[in-house]
Amino acid sequence: MASQSRPGIGTDGFRFTIEEIAGGLGDIGTIFPIVLGVALVSDVNISHIFLFMAAWYIIAGLYYRLPIPIEPMKAIGAIVIAEGITGDVIAAAGITVGIIFFLLGVVGGMERIRRWIPQSVIRGVQAGLALLLLRTSLGYIIDDLSFALLSIAIILAFFIAAQRTRVPDIAALVVIAIGLSAGILTQGFPPLRLIPLPHLIVPTAADFLAGSWDLALPQIPLTLANAILATSLLTIDLFGKEVKPDRLSRTIGLMNLVSTPLGGFPMCHGAGGMAAQYRFGARTGGANIAAGLFILAFALLFAPPEVLTLIPIGIFGGLLVFVAIELGKHSIKTDSYIVTAVIAILTLAVGLTVAFIAGMALAYALQRWHQGTGGSPED
């Protein structure tokens, strides 16, 4: 656990200490690889992705007064990177998920859905995501061992120092600064370009069909379980107060309905991002505002994708290791280790959608079996 934040500028809902700023950047290691990959294979403008992400980071910080992360939708991102899907289809998928989650949030659908999904399934999603992050980090570490080991050493040093002294845990800031500095020294400063104005994208019926089937459908279980239910549960674990699932659903719906028709990428919240921000010091909405301003700088000043290639991938690997540990730590707070473990393993083997469905079936089967035998649901 990161050190407790000391008083800074602002109120309890908005502090701007060095820990808050460092925590706000704690999720950068998961955001940038997805955004860069999408920008390299698709016709989506990377500066627009950053622009809308920055805006919603700031809006979420002001609205929730907590470090509620804004992330690219991982399932959609992975499919886009693998298949090189066009911006019109991506926009259609974003509009589709936006409508679904906004309406569910408005009618109180998440509260009803939460009663149908056992806690062990949500914890399994957290565990599966932690394993995915570890696997991703391993690839970055192997490809860039020197910078990975350096970043891990720095993070460990700050962690130990923060536990024993009043030194703030600003490891995320330090390793990102080192990575950017190293990239500029070896590759030179990237060119500066003005961000082009966003334009309205009007998907066709074929775009909506492809976007709904190829992108939205695989994303919905992940958003439901991780971005909404697991994030809501994690706010209790980390901050002692709950952000209701329907509120998270409404903001996810709004950000996609507003942003994706103008060239933004489908976005959501996420338990992994929240764990990352908390791990590196975020405690208030000030962390979100700091992150939003940082990402806005990339949108306005570093629109070309070259800027992201400045950061050695070993830096991302080091950050992801500790993000995975923070998220996995909370997944053990489950009422069924069998269900949670099965989901985690299946997530690695066949993907989150299948793992989620199998975990739900197993959880209800175990529940019926325990009811029939009069046993305890604890495994």
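In the predicted model, Gly240 is exposed, with a relative accessible area of 62%, a value that falls in the exposed class because the class begins over 50%. The residue is found in the loop between α10 (205–239) and α11 (245–259). Although Gly240 and Ala206 are separated by 34 residues in sequence, their C-alpha atoms lie 46 Å apart in space.

The axes of α10 and α11 come within 8 Å and cross at roughly 130 degrees, which makes α10 oblique to α11. The crossing in which α10 passes α11 is right-handed. On the side of α10 the contact is made by Thr223, Ala227, Ile228, Leu229, Thr231 and Ser232, and on the side of α11 by Pro245, Leu248, Ser249 and Ile252. By residue class, the contact of α10 with α11 comprises 6 nonpolar and 4 polar residues, with no charged residues.

The crossing of α7 and α15 is left-handed. Residues of α7 that make the contact include Arg123, Gln126, Ala127, Leu129, Ala130, Leu133 and Leu134, together with Tyr140, Ile141 and Asp143. From α15, the contributing residues include Ile313, Gly314, Phe316, Gly317, Leu320 and Val321, as well as Leu327, Gly328, His330 and Ser331. The residues of the contact of α7 with α15 divide into 14 nonpolar, 8 polar and 2 charged, whereas the contact of α10 with α11 has no charged residues.

A further position examined is Ile90, which lies in helix α5 (residues 87–106). Ile90 is buried, with a relative accessible area of 1%, and is placed in that class because buried residues have under 20% relative accessible area. When residues up to four places away in sequence are not counted, Ile90 touches Ser42, Val44, Val80, Ile85, Leu215, Phe265 and Pro266. Ile90 and Ser212 are 122 residues apart in sequence, yet the distance between them in space is 9.4 Å, C-alpha to C-alpha.

Conventions
Residues are numbered from 1 along each chain as its sequence is written. This is a predicted model: local features need pLDDT of at least 70, side-chain atom pairs count only at pLDDT 80 or more; totals for chains, interfaces and linings use all residues. Side-chain values use heavy atoms; hydrogens and water are left out. Helices (H or I, at least four residues) and strands (E, at least two) are DSSP runs, numbered from the N terminus. Buried means under 20% relative accessible area, exposed over 50%, partly exposed in between (1.4 Å probe, protein chains only). Contact means heavy atoms within 4.5 Å. A crossing is left-handed if the near helix is turned anticlockwise from the far one by less than a right angle, and right-handed if clockwise. Ala, Val, Leu, Ile, Met, Phe, Trp, Tyr, Cys and Pro count as nonpolar, Asp, Glu, Lys and Arg as charged, and the others, Gly among them, as polar. Axes are lines fitted to C-alpha atoms, for helices over the stretch in contact, and angles run from 0 to 180 degrees between N-to-C directions. Angles under 35 degrees count as roughly parallel, over 145 as roughly antiparallel, 65 to 115 as roughly perpendicular and the rest as oblique.
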